[in-house]
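Please look over the sequence and the structure shown here. The paragraphs after them go through the chain step by step.

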Amino acid sequence: MTNQNPNGELLTTIENAVATLEFGHPASNSFPSELLNRLTNELNILSNNPAVSVIILKSSGSGVFCAGASFDELKAVTNLAEATKFFSGFANVLNAMRNCSKTIVGRIHGKAVGGGVGIAAACDYALATNGSDIKLSELSIGIGPFVIEPAVSRKIGKSAMTEMALEATEWKSSNWAYQKGLYAKVFETTAELDLEITAFAKKLASYNPEALTEIKKVFWEGTNNWSTLLYERAEISGKLLLSDFSKNALNQLKK
């Protein structure tokens with residue numbers, strides 16, 4: 001997949017009941033609003049596709065898995081409505097992943113920051129490489145990981161989430177993420193990762209699709225409040241984004 005579109009690219013391929021959903025953006029696979037919206041819509045479409053049993057969610061390239069929110073778009077926000085709408089884009093994606101009737105397997109091939117950690121956490125099962133370190137940098141730019149917190153805490157626990165959020169400038173290793181439960185397995189190379197992803201998805205696709213749908217509901221029990229909670233959190237992030245602290249922090253960042 002080539003990233004010629006300044007708003008990013010999204011590609012879906014379906015083979016033997018396995019849909020591979022790949023997103024990409026020139027800026028370290030970060031997410032502008034348009035790409036968030038397209039990912040949400042595609043997840044909803046795949047959720048209702050009877051020819052699909054399993055979704056592999058991946059990003060393009062060989063560098064960063066996902067750098068989270070688009071800094072260019074964060075800098076361009078001028079009012080609360082715009083800010084809340086932007087962060088609601090991540091809420092939409094997480095809810096689409098949660099409500100998706102298909103098992104979502106994450107292919108994490110590199111570092112993940114902020115919203116990228118949230119997307120990895122919202123996968124039902126995530127496999128990664130040794131270089132897939134994680135960081136929640138939001139507090140360092142005047143906001144916080146409010147929208148993604150429920151997804152991350154659900155996967156690694158509130159204590160580990162607290163550690164990540166407060167240590168906003170520190171990377172946590174892929175091994176740390178594995179030990180905390182974010183990653184199910186970690187591999188030395190992307191070649192090994194891809195072999196395991198392919199084999200695992202094929203195995204899942206051989207199971208009763210109705211059973212997969214029902215067991216996913218069990219996995220996500222107790223999260224119905226996300227349909228309102230994540231949007232309340234988006235408004236908190238939006239308000240903080242408009243603060244002088246956040247604006248100054250963003251302006252100091254390199255493009």
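**A walk through the predicted model**

Serine 28 is partly exposed, with a relative accessible area of 39%. The structure is a predicted model, and Serine 28 lies in the loop that connects strand S2 (18-24) with helix H1 (33-47). Its phi is positive, about 55 degrees, although Serine 28 is not a glycine. Asparagine 29 is found in the loop between S2 and H1 as well. Asparagine 29 is not a glycine either, and has a positive phi of about 55 degrees. Asparagine 29 is buried, however, with a relative accessible area of 3%.

From this loop we can turn to the chain as a whole. The protein chain contains eleven helices and eight strands. Its radius of gyration is 17 Å, close to the 18 Å that the globule rule gives for 255 residues, so the chain is as compact as a globular protein of that length. The C-alpha trace spans about 55 × 40 × 35 Å along its principal axes. Of the 255 residues in the protein chain, 53% are buried. The accessible surface of the chain comes to about 11,400 Å², and carbon and sulfur atoms account for 52% of that surface. Contacts can also be sorted by separation in sequence: among those between residues at least 6 apart, 74% join residues at least 24 apart.

How are the strands arranged in the open sheet of six? Their order is S1-S2-S3-S4-S6-S8, and the pairing is mixed. Strand S1 (9-15) and strand S8 (185-187) stand at the edges; each has a single partner strand, so one side of each is left without a neighbour in the sheet. From one strand to the next, the twist averages 20 degrees.

Strand S4 can be followed in detail. Strand S3 (residues 54-59) and strand S4 (residues 103-108) run parallel and are joined by four bridges. Isoleucine 56 has valine 105 as its bridge partner in S4, and isoleucine 55 stands opposite isoleucine 104 in S4. Strand S6 (residues 125-129) also runs parallel to S4, and four bridges join the two. Here arginine 107 stands opposite leucine 127 in S6.

What covers S4 can be read from its residues. In a regular strand the side chains alternate between the two faces of the sheet. In S4, Thr103, Val105 and Arg107 are on one side, while Ile104, Gly106 and Ile108 are on the other; all of these are buried, and both faces are covered. Six of the six residues of S4 are buried, so this strand is largely enclosed by the rest of the structure.

How many disulfides does a search of the whole structure find? The search finds zero. A disulfide is a covalent bond between the sulfur atoms of two cysteines. The cut-off for counting such a pair is sulfur atoms within 2.5 Å. For cysteine 66, which is in no disulfide, the nearest cysteine sulfur is that of cysteine 123, 11 Å away. Cysteine 66 is buried, and its relative accessible area is 0%. Cysteine 100 is in no disulfide, and its nearest cysteine sulfur, that of cysteine 123, is 11 Å away. Cysteine 100 is buried too, with a relative accessible area of 2%.

Terms used. Residues are numbered from 1 along each chain as its sequence is written. This is a predicted model: local features need pLDDT of at least 70, side-chain atom pairs count only at pLDDT 80 or more; totals for chains, interfaces and linings use all residues. Side-chain values use heavy atoms; hydrogens and water are left out. Two strands pair if DSSP finds at least two bridges between them. Axes are lines fitted to C-alpha atoms, for helices over the stretch in contact, and angles run from 0 to 180 degrees between N-to-C directions. Buried means under 20% relative accessible area, exposed over 50%, partly exposed in between (1.4 Å probe, protein chains only). The radius of gyration is taken over C-alpha atoms; the globule rule is 2.2 Å times the number of residues to the power 0.38. Contact means heavy atoms within 4.5 Å. Accessible areas come from the Shrake-Rupley method with a 1.4 Å probe; for residues, only the protein chains shown count as cover.
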